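Subject: Model handover

Hello,

Here is the structure I promised to pass on. Please load it before you read the notes.

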Amino acid sequence: MKAVYCTAYGTPGVLKMVEIPKPIPRANELLIRIHATAVNSGDVRIRKADPWAVRLFFGLSKPRKPVLGGVFSGEVVEVGSAVSKYKAGDVVFGSTGMEFGAYAEFKTLAEAATITFKPESLSHLEAAIIPFGAMTALDFIRKANIRPGQKVLVYGASGAVGSAAVQLAKFYGAEVTAVCSGANMELMQKIGADKVLNYQREDLALNKEQYDVIYEAVNQLGFSESIRHLKKGGILILGAADFSKMIRAGFARMAGKKVITGVIKESAEGMEFVRELIDQGKYQPVLDRVYTLDQIAEAHEYVDLGHKKGNVGIEVITNS
Ligand SMILES: NC(=O)c1ccc[n+]([C@@H]2O[C@H](COP(=O)([O-])OP(=O)(O)OC[C@H]3O[C@@H](n4cnc5c(N)ncnc54)[C@H](OP(=O)(O)O)[C@@H]3O)[C@@H](O)[C@H]2O)c1
């Protein structure tokens with residue numbers, strides 16, 4: 001089968017198309033023909049080894065698992081003897097988690113992995129771009145226990161995670177303020193934000209409002225600035241904290257502030273929850289540019305710029 005290897009850490013040029021054997025499912029696994037995948041910020045972080053500590057977990061000189069790609073939508077083509085929930089012909093979408101491997105024509109995954117049936121209303125491309133942002137935002141938002149009427153601010157609201165956080169906070173009944181650049185303000189209204197602030201115009205600095213929950217999705221808002229906008233007893237979610245922010249989060253917790261950070265946990269239950277929201281018209285994909293698997297290096301170049309809207313789709317099968 002065709003797959004894309006990440007041959008070293010570095011620029012998008014390290015991504016090379018290769019031919020490798022098609023995987024064979026074990027007893028508890030599905031073999032999935034991938035129709036579409038996405039270029040997540042997570043793929044880019046690993047390709048660039050950013051932060052450096054990526055090397056400690058994924059391989060010192062190059063990724064031990066050379067096929068990146070953490071999300072997919074596709075069709076089950078074979079199932080192992082112990083699989084009961086899925087059968088050949090089922091159409092599924094989900095996350096490959098730390099296994100990666102979705103930049104390829106086929107992928108095997110355990111039946112219990114972070115997958116579920118694809119919503120009929122979405123194309124494969126639209127479905128594939130959902131799990132990364134949705135699973136990340138859902139985990140943090142559930143931990144913050146957002147309640148109806150609470151004021152929630154999402155900073156970095158136009159990315160994959162931010163656009164998911166806006167929609168999920170709305171679902172839980174919050175009044176949502178989205179912070180993005182001027183170019184994305186209309187998009188924020190389209191996905192349900194009640195108020196939109198433009199970080200390029202210093203709207204937030206001038207804004208005296210305080211929030212029950214602040215979801216800082218892109219690590220661009222200063223720590224003190226975040227705390228300044230929190231109500232007494234409010235919760236700060238640091239979805240993309242670097243080492244120094246984690247240290248500050250620790251001190252803030254000792255001073256009685258509620259700060260949620262760390263690595264998210266995703267699940268099939270979470271995917272089913274999001275699929276139901278999609279079926280009810282309460283969650284929509286935010287699809288930016290689309291590339292083919294052969295153009296994956298170009299797609300990474302675009303994501304490297306740091307300004308994608310929602311997520312970038314990759315067609316593994318044309319017109320997915
Ligand atoms: N904790 C975890 O387990 C976990 C899991 C998944 C992801 N993450 C992290 O979450 C972060 C966000 O991921 P993502 O996929 O959503 O990223 P992304 O889609 O690549 O983010 C791009 C967005 O960031 C916005 N942005 C860029 N500079 C900004 C600024 N100065 N102020 C406000 N917004 C700005 C851009 O909006 P404009 O074009 O409008 O500027 C763009 O829409 C990443 O750092 C990722 O590593 C953490």
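The notes below go from the whole chain to single residues.

First, the ground rules. This is a predicted model, where local features need pLDDT of at least 70, side-chain atom pairs count only at pLDDT 80 or more, and totals for chains, interfaces and linings use all residues. Residues are numbered from 1 along each chain as its sequence is written, and side-chain values use heavy atoms, with hydrogens and water left out.

**Whole chain**

The chain has 11 helices and 15 strands. These are DSSP runs numbered from the N terminus (helices: H or I, at least four residues; strands: E, at least two). Along the principal axes, the C-alpha trace spans about 60 × 45 × 35 Å.

Of the 320 residues, 54% count as buried. Buried means under 20% relative accessible area, exposed over 50%, and partly exposed in between (1.4 Å probe, protein chains only). The accessible surface comes to about 14,300 Å². Carbon and sulfur atoms hold 54% of that surface. The areas come from the Shrake-Rupley method with a 1.4 Å probe; for residues, only the protein chains shown count as cover.

Take the contacts between residues at least 6 apart in sequence: 67% of them join residues at least 24 apart. Contact means heavy atoms within 4.5 Å.

**Domains**

The domain assignment gives domain 1 (2-130 + 285-315) and domain 2 (133-260). Such bounds come from an automatic or database domain assignment. The two centres, taken over C-alpha atoms, are separated by 27 Å. Domain 1 puts 8 residues into the contact, and domain 2 puts in 12 residues.

H1 covers residues 41-48. Its buried residues are Gly 42, Asp 43, Val 44, Ile 46 and Arg 47. What covers them includes strands E1 (2-6), E2 (15-19) and E3 (29-39). H2, helix H4 (131-144) and helix H11 (296-304) are also among the cover.

Ala 49 follows H1. Its phi is near 50 degrees, a positive value in a residue other than glycine. Ala 49 is found in the loop between H1 and H2, and it is buried, with a relative accessible area of 8%. The peptide bond from Asp 50 to Pro 51 is cis, with omega near 5 degrees.

**Another positive phi**

Glu 202 has phi near 60 degrees, again positive in a residue other than glycine. Glu 202 sits in the loop between strand E10 (195-198) and helix H7 (203-206). Is Glu 202 buried or exposed? Glu 202 is exposed, with a relative accessible area of 52%.

**Leu 109**

Leu 109 is found in strand E6 (residues 106-110). Leu 109 is buried, with a relative accessible area of 2%. Leaving out residues up to four places away in sequence, Leu 109 touches Asn 28, Glu 29, Leu 30, Ile 32, Phe 72, Ser 95, Thr 96, Glu 99 and Ile 115. Leu 109 and Arg 26 are 83 residues apart in sequence, yet 9.0 Å apart in space, C-alpha to C-alpha.

Best wishes
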